[in-house]
Structure formats: structure tokens, C-alpha cells
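Please read them alongside the coordinates.

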Amino acid sequence: MSETAAPASETATHCPYCALQCGTRLTHDTGRTTGHSAGRTTVRPDPAFPVNRGGLCQKGWTAPALLDTPGRITRPLVRGADGALAPTDWDTALDLVAGRLRTIRDEHGPDAVGVFGGGGLTNEKAYQLGKFARVALGTSQIDYNGRFCMSSAAAAGSAAFGLDRGLPFPVTDLASADVVLLAGANPAETMPPLMRHLNHARLIVIDPRRTPTAETAALHLQPTPGTDLALALGLLHLAVTEGHTDQEYLDKRTTGFEAAWRRAAAWWPERVERVTGVPVAEMREAVALLADAERAYVLTGRGAEQHSKGTDTVAAFINLALTLGLPGREGSGYGCLTGQGNGQGGREHGQKADQLPGYRMLTDPAARAHVAAVWGVDPDSLPGPGRSAYELLDALGTDGGPRALLVFGSNPVVSAPRAARIADRLASLDLLVVADFVPSDTAEMADVVLPVTQWAEEEGTMTSLEGRVLRRRRLLTPPGEARSDLEVLRGLAVRLGQDPDRFPAAPREVFDELRRASRGGPADYSGISYERLDAGEALHWPCPATPDGTAPHPGTPRLFLDSFAHPDGLARFAEVEHRDAAETPDTDYPLYATTGRVLAQYQSGAQTRRVPELAAAAPESFVEIHPDTAARLGLAEGAAAEVASARGSTTARVRLVPTLRTDTVFLPFHFAGAGRANLITSAALDPRSRMPEFKVCAVRVGPARATAPEDAGAGL
């Protein structure tokens, strides 16, 4: 192996994983050869980027390993008559896909074709994917995996404030907080660099598990799974009855308090304790900590959101924050800890079932007219809203459902609830096309697999959880015949009869069109440009364009300081009531199961399970269970267990955790095959956000009938 020195290329970019989008500097040394590529890519944190301040988590440090991963897809693959995927050339693959799409549309109509996107796609890809679905395919059947992540917080935030931006303030503001309430969030594992900004604050953590984040907390509230809404109502009750309301704030900046209070008034502390298991004294302490703090924040995560009542649960925590006068006050506020890398931007520019670019609604005639003019089409030609993510997947191959599906940046075989059901639906399709850079579990089922670029091989923009638009920069040439998703969409659009100029493949050109499409919308990017971003400006949306000859808009790092985004400038309280989870334990399934992430893995694991260091740290699925519960069930540390619900079963290695509730087990959702946690999860949906109830279902646990899940973590 040659170690001869050679000039190294370097670029400033951002981590490919979570919504913190930590600043990094990538270096590619072409003079050192490792693995199967010519050169070695290394990463180091960017000390000047304020979010991670020179730190990275284990996933960030190992991200370059994914660039050289064995099994990388570098040529288009088509499934042959023998049932195997075989390499082919791009023209053959795209001609085949376009031809079959035309046939399916002609025979069954445009809604017989579905599109499923991802919260990790760049803004340019998410924008172009929505445009492709509605213009080139003419289908209403498009949604994305972000529906499984932030949709409940988005719905609640939009209703309360008139605008949804995960954090309506910079991450760095948290560093001066006195108290932070984290409802269903575990950033010590899911986004470790965020903890640098929480070191000063006294943390109140609400979580059924004693997570690494809870271990650092001043106060840990440990409710029964599915009872977060009752707990939030109880906290609001105490805030009012113990004199902590900010009456001047309520009068000047909000509306609807009395209706919300009428609901919360019925949730006196002792009743809440009976429902949630959280002692009254701990509730009272939590409210006092928040109310007495000069600078306080309420932050929600997936633990509060991934419920069939997730929107109401988040709304209840927003009600608490409003009662204390926190949102729209510098140094305090409410925020949602957006999860996926472009979870914020991915929900703004049109890949959602009911949305157009700029966070415009598809049902708004003015929004349709504006976007149609940018696209050069008749507004009446744009389809209406389609099915939400789970409903779209569940309808595949059924009467009236899509008969073809194009998947970009998602792995629903692992990530969707009722995973066995979704795999069956995917298998029933006439055509499944997957664009990915690794052979994910979903790609393995596809009729056509299209190899696309990954983070260090492409240009574009991402929008972090604080609403800051960031540049993703290319360092490497894509391997083999891999193309960008934008090139793939253009190739298909042209074959479907679209003017090539309508679907550009250059990211900068697509972003300039996105700017025009978003102009005047809630998420207005029209004043943001590659030139301004490359010059180092920190630009948070909304950032509208300004008239020629005037100073450019500086962006909006802090929202709501003067007024909220509703026409009257007031925040809205929500009138919400607790209700049970869709499924609670019974004699057949006597335990609660909840799911979540672990430090060394990410999302469906299709990427991180391929990184040797991460796979060694978290090699397989496991189930956390209290020692007393395990003893009663005949389970020992390290044993193979079967966890079963009414929908199916999964296998996992037993971990005894004395701090866990005795009525609850926990499983991570990153693993494949028999180790998929989503084989057991419920598809009960929130009526507003259409979020599935990932966080609670009823299960029974016992010794596995087969051998331990040795290969459950290896996946694909």
C-alpha cells in the first residue's frame, strides 16, 4: 500500500446524519489508497460552526467510512426473469421505468403511480421530487418518511404559532438557559453535540426510560407510555393553580386560554399521578423550576410526538409554555428537536401529500396559482392532496391504490409501522423503483434500483433544525455510474414527455427556482442564494427577497419576538383532552413496548449498519427489560427473546435494566430482518398529523423459539 504524499483536496460541509447538521471539514488524500477507492477521506469538526463547536458524535466521526462501503451500488440494476437483480446501463433502466409508468398510468390513471421521499434529501431534491410527482406524473400520491418523524410537532406548531420551524431560535440560545424541559427527547444519544448547549441548564426530562439524557437531569419524570398528554395537562393545571401564569403575556400575545384551561382544570395532580405514575411532588417541582427560571425552554421530541394523539400532546406542552409566557421571548421559548438531516427543509418544499413549495398548502388557490406560474403549468392541472405516508404504503397494490412506487431516500421495509404488512404491499406492486446508494432492505425488493450519489459527492442545501439554510459541498467524484437524484428525475421526466428545461439537473439552478416558488410563502427562501451562503452568511428562513438596490434581508434567526405568524399576531392555545393509546396491555399482551434510537445507529440502519465501528458498537437488536419482569418471564441477561404484539413478533437480545419501568420494554428500531422493531408497532394514526403510534403498543415477551438473532443487525 502506497503512503506517498500527494496534494489533498478539502471542503467545508456538514454531517450527513441528524438535523443538527454539524459543521465538518472533509479532506481527501489522493496519495493514500485504502479499501477499494483511490484515496482516503477523513473528517474533522469545524470549530467555527456554532452548533457543534468543534465536536462530533460517533456517527459523525465515522461518516467517511460510508463513502467507501462494500456493496455500494454503482450501476443500475434490473430484476430479470430469473428473479435476480442484474446490472444494466442507464438508458435501458430509465427507458424501462418510464415505459412501465406510462403503461400503468394509461391503464389505471395517474394516481396508480406513487412517490415516497425522504427527510434526508437536500432541499433541491425534495423540491424537484414534489414537482416531478405533480407535473411529470400528475399524481397526488406522494408523501415522505418525515411523516413518521416531525409531523405531529409541525401540525401543533402551525396551529399555535401560524408557522412551523423546529427551533424558532438558534441552537446557541439554549446555552444560556436556566431550565430546559425535554419531553420525549434523548439528545445525549440522538444528537450528542446538542448537549454542549445544555450543560448550563437544569434539565427536566420526561421519558419512560432512564436514558443517558435523563441521567444528567435535575429531574426525571417517568410516565407510563402513552400518558404524556395527561402529564402535560397536569403540569398546566399546577402552573395555573399555583400562580405561575404570566397574565400580561396571556392578555397581549395569546388567545384561547380559557378554553384550554377548562380542559386542564379537570386534571388535578392526584388524578394525573393515577394515570401517569408520576408523583405529584415531582410534577410540582417541574412546574416550579420552569416558572422560577429567568430563561426557560420547553422542547419536544419523538417520544411526545409519535402517538395517535401526538399533535394534541405537543399542543398541550405548547399550552404550558404559553401559560408561562415563554414563546416569542428572547432567551426562552418552545421548540421541536427535528430529527432527520433535512427534516426541516424536507417538510417545506413539496414532497408532503398536502403541500407545495414554501410551506404552501395544496388546497390554497393562491398558492396553486403562484407555484403553477413558476412551473409553467395550468393551476388546474395540479392534483389535490393525496394519502399520508402510512396510508400510501398500506394502499399499495390494493383496489384504488398505487400499482407502482418510486422510492427516494427512504427504507420503509424497516422504518414503517406494521413492517411485515408494508413488505407484503411492496411485493404486490407491478413496479417498485428504488433510488439509493446502498442496497437497503427496500432496494433488495425492487424491480429497478437506480444508483445515486451521497453527501460528499453532491452539491445542494440542507435546512437545520433551527431553520438555517446550509451548503452541502461536493468533495468526491461519484463512483462508477452513480448519478444525482436530480439527474435521475430529469431523465425520467424527459422520457415521460416533459421539456428538458422544466427539470434542470444542476442543484444551483434548481435552488434558484425553489427560491421563486417559495417567494411570499411561510418558508420564504427567495432572499437566500448560493452566493450568500458561500460567502459565509448565516441565513435562517424566512428570508424574503428585497427590491433591487436595497440591502438584502438578513434572515430571521429568532421568530415571534414581536408577533406570531397568525394574521392577528396572537398565539393560539389548543383545547385538548387526554385519551388512552390505541392499544393498551391486556391478559394476552400484558406489557407496554416503546421504541427509539441508540447512539451508534441512525434511522433504519441501512447506512450505519455498514460502518464497522458502529456495527461493532451496536451489532444487533436488543430488548431492555426490568430484571424483576425478566425473572418472572424466565429471561436472563443476553438471552434471545421473542417480543410479540397483535401484528407480529420480533427477536432481540435481552438487556436487564433496573431503572426501567416494570411494565415496559424498549427496543431500538434500526435493525433488519427478524430484528425489526416495527414488526410489532401499531399503525394507529393521529387524526391530524397522520403520525403512526410508534411509541406504544401492547406486547408479550418470552424466550425465543429459535436461535438468537445473530444476523438481525447485519441487515443489508
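1. What is the accessible surface of the chain, and what share of it belongs to carbon and sulfur atoms? The surface comes to about 23,700 Å², and 49% of it belongs to carbon and sulfur atoms (Shrake-Rupley method, 1.4 Å probe).

2. This is a predicted model, in which local features need pLDDT of at least 70 and side-chain atom pairs count only at pLDDT 80 or more, while totals for chains, interfaces and linings use all residues. Residues are numbered from 1 along each chain as its sequence is written, and side-chain values use heavy atoms, with hydrogens and water left out.

3. The chain has 22 helices and 28 strands (DSSP runs: H or I of at least four residues, E of at least two). Its radius of gyration, taken over C-alpha atoms, is 25 Å, close to the 27 Å from the globule rule for 716 residues, so the chain is as compact as a globular protein of that length. The rule is 2.2 Å times the number of residues to the power 0.38.

4. Of the 716 residues, 63% count as buried (under 20% relative accessible area, 1.4 Å probe, protein chains only).

5. The largest nonpolar core has 120 residues, and Phe132 and Leu235 have the most contacts inside it. Such a core is a set of buried Ala, Val, Leu, Ile, Met, Phe, Trp, Tyr and Cys residues joined through side-chain atoms within 4.5 Å. Helix α7 (residues 228-241) supplies the largest share of this core, 10 residues. A second, separate core of 52 residues includes Phe169, Ala177, Leu198 and Phe671.

Notes. Buried < 20%, exposed > 50% of the residue type's maximum accessible area, 1.4 Å probe, protein only.
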